[in-house]
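Good morning, colleagues. Please keep the sequence and the structure in view while I speak.

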Amino acid sequence: MAIKIFKNFIGRIFSNIFRNNKEIKLGFYGPPNAGKTSLANRICKDFTGEEIGSVSKIPHETRNVQFKEKVEINYKGKTMMFKMIDTPGIATKIDYEDFLKFKVKKKEAKQRAKEATQGIVESIKWLEDMDMVVVVLDSTENPYNQVNITILGNLIARKIPVLIVANKIDKNKSDIKKIESAFPEYEVIGMSAKYGDNLEEFYESIFRLSKKV
Amino acid sequence: MANKKNLGKLKGFSIQFLPYSEIRDLNSDGRIRKILGVILGNNILILQGRLKSDEEARLIGDTMAMIGHIKNFRGIELAVISGNDDEGVFMKFKKSLANVLTGADLGAITIIGPATVVKDIKRNPKKIELLLNK
């Protein structure tokens, strides 16, 4: 009996140690140009000094899944290790002609469109591998977009904890309430990844959510 | 699978209604094949009920993989409207019971169209607007 209690005690200690050292796979999902990479960059820069990827006004700048491993986030004396996974924005259509409006040459636009479609396929495949997901939405856009609903539906079905970030709150058209009323069952944090607004609240939520992993 | 017409600028289109009974007994592959058959025929599909979330994601992934391989295909526009979310507990219970019995959310409607035909689907909780390409 005493041996069994001792074994359980040791087991609990070890499982706690490993849980704390475990790298949590934190995915950044959302539609194109919502600011996924900007947010991931800000976090990575704060804690590793390096960015995860490049950002641009042209949609589908991120066309491959990008990683940053062993990102140790310290917040109010607590530390957690994350593997940051920045994914290409998910869309239901890609037209190379849309890139021409950004003065991209036709050949380059076609190549960008081809890579963007592959990136979306890759993003969808990665959904099931995440431990936790931050869905980044542009708070100046209509949230009732089927892509957002499909992403969230897949995360619910896989029981993956989710945090919604309503990004771009620095813009006049930003409307966080619209996002909150579209997804009332989720925690929504208004942020500006560009200026780093509300990062404290974001880390607080990430740490709280990580307990569900 | 329906004829794959040349998907180009809008010359004409048809709207096809698919009752849920048409896909109820199909597996995910069969459902997606059936839907793609309609879409690639340059039609707008109105489906009774909705796909499972993983099927919706697969539909997006499969259509993305087709871009560049099918002439003028640019992807799809997709929207699902469900019933009123503000309804009471009793109505919600009745609905979920009906969903269990039928195996589907029959109160929902799914609209899918090729992006060359449907420019945009604007939606809010109360209405849905289909904007077509000229």
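Predicted model: local features only at pLDDT ≥ 70, side-chain atom pairs only at ≥ 80, totals over all residues.

Residues are numbered from 1 along each chain as its sequence is written, while chains are lettered from A and ligands numbered from 1 in the order in which they are written.

Let me turn to chain B. Chain B contains three helices and six strands; here helices (H or I, at least four residues) and strands (E, at least two) are DSSP runs, numbered from the N terminus. Their order from the N terminus is β-α-β-α-β-α-β-β-β. Of the 134 residues in chain B, 31% are buried. A residue is called buried if 20 or more other C-beta atoms lie within 10 Å of its own, exposed if 12 or fewer, and partly exposed in between, with C-beta atoms placed from the backbone. As for contacts, two residues are in contact if their C-beta atoms, placed from the backbone, lie within 7 Å. Among the contacts in chain B with a separation of 6 or more, 75% join residues 24 or more positions apart.

Next, the helix pair inside chain B. The axes of helix α1 (residues 28-39) of chain B and α2(B) come within 10 Å and cross at roughly 50 degrees. Axes are lines fitted to C-alpha atoms, for helices over the stretch in contact, and angles run from 0 to 180 degrees between N-to-C directions. Angles under 35 degrees count as roughly parallel, over 145 as roughly antiparallel, 65 to 115 as roughly perpendicular and the rest as oblique. α1(B) and α2(B) are therefore oblique to each other. Their crossing is right-handed; a crossing is right-handed if the near helix is turned clockwise from the far one by less than a right angle, and left-handed if anticlockwise. On the α1(B) side the contact involves Ser28(B), Arg31(B), Ile32(B), Ile35(B) and Leu36(B), and on the α2(B) side Glu55(B), Arg58(B), Leu59(B) and Asp62(B). This contact has four nonpolar, one polar and four charged residues. In these classes, Ala, Val, Leu, Ile, Met, Phe, Trp, Tyr, Cys and Pro count as nonpolar, Asp, Glu, Lys and Arg as charged, and the others, Gly among them, as polar.

We come to the interface. Here 21 residues of chain B are in contact with 18 residues of chain A. On the chain B side, α2 and β3 (76-81) each supply at least two residues, and α2(B) gives the most, with eight residues. By class, this side has eleven nonpolar, five polar and five charged residues.

Which helices of chain A cross α2(B)? One of them is α4 (residues 106-126) of chain A, whose axis comes within 8 Å of that of α2(B) and crosses it at roughly 155 degrees. The two helices are therefore roughly antiparallel to each other, and their crossing is left-handed. Thr117(A), Ile120(A), Val121(A) and Ile124(A) of α4(A) meet Ala57(B), Ile60(B), Gly61(B), Met64(B) and Ala65(B) of α2(B). Seven nonpolar and two polar residues form this contact, with no charged residues.

Helix α5 (residues 146-157) of chain A also has an axis within 8 Å of that of α2 (residues 53-66) of chain B, with a crossing of roughly 135 degrees. That makes α5(A) oblique to α2(B). The crossing of α5(A) and α2(B) is left-handed. Thr150(A), Gly153(A), Asn154(A) and Ala157(A) here face Ser53(B), Asp54(B), Glu56(B), Ala57(B) and Ile60(B) in contact. Ile160(A) lies in the loop between α5 and β5 (162-167) of chain A. Ile160(A) is partly exposed because 19 other C-beta atoms lie within 10 Å. Apart from neighbours within four places in sequence, Ile160(A) is in contact with Met130(A), Met132(A), Val133(A) and Leu155(A).

The largest nonpolar core has 78 residues, and Val165(A) is among those with the most contacts inside it. Such a core is a set of buried Ala, Val, Leu, Ile, Met, Phe, Trp, Tyr and Cys residues joined through C-beta atoms within 7 Å.
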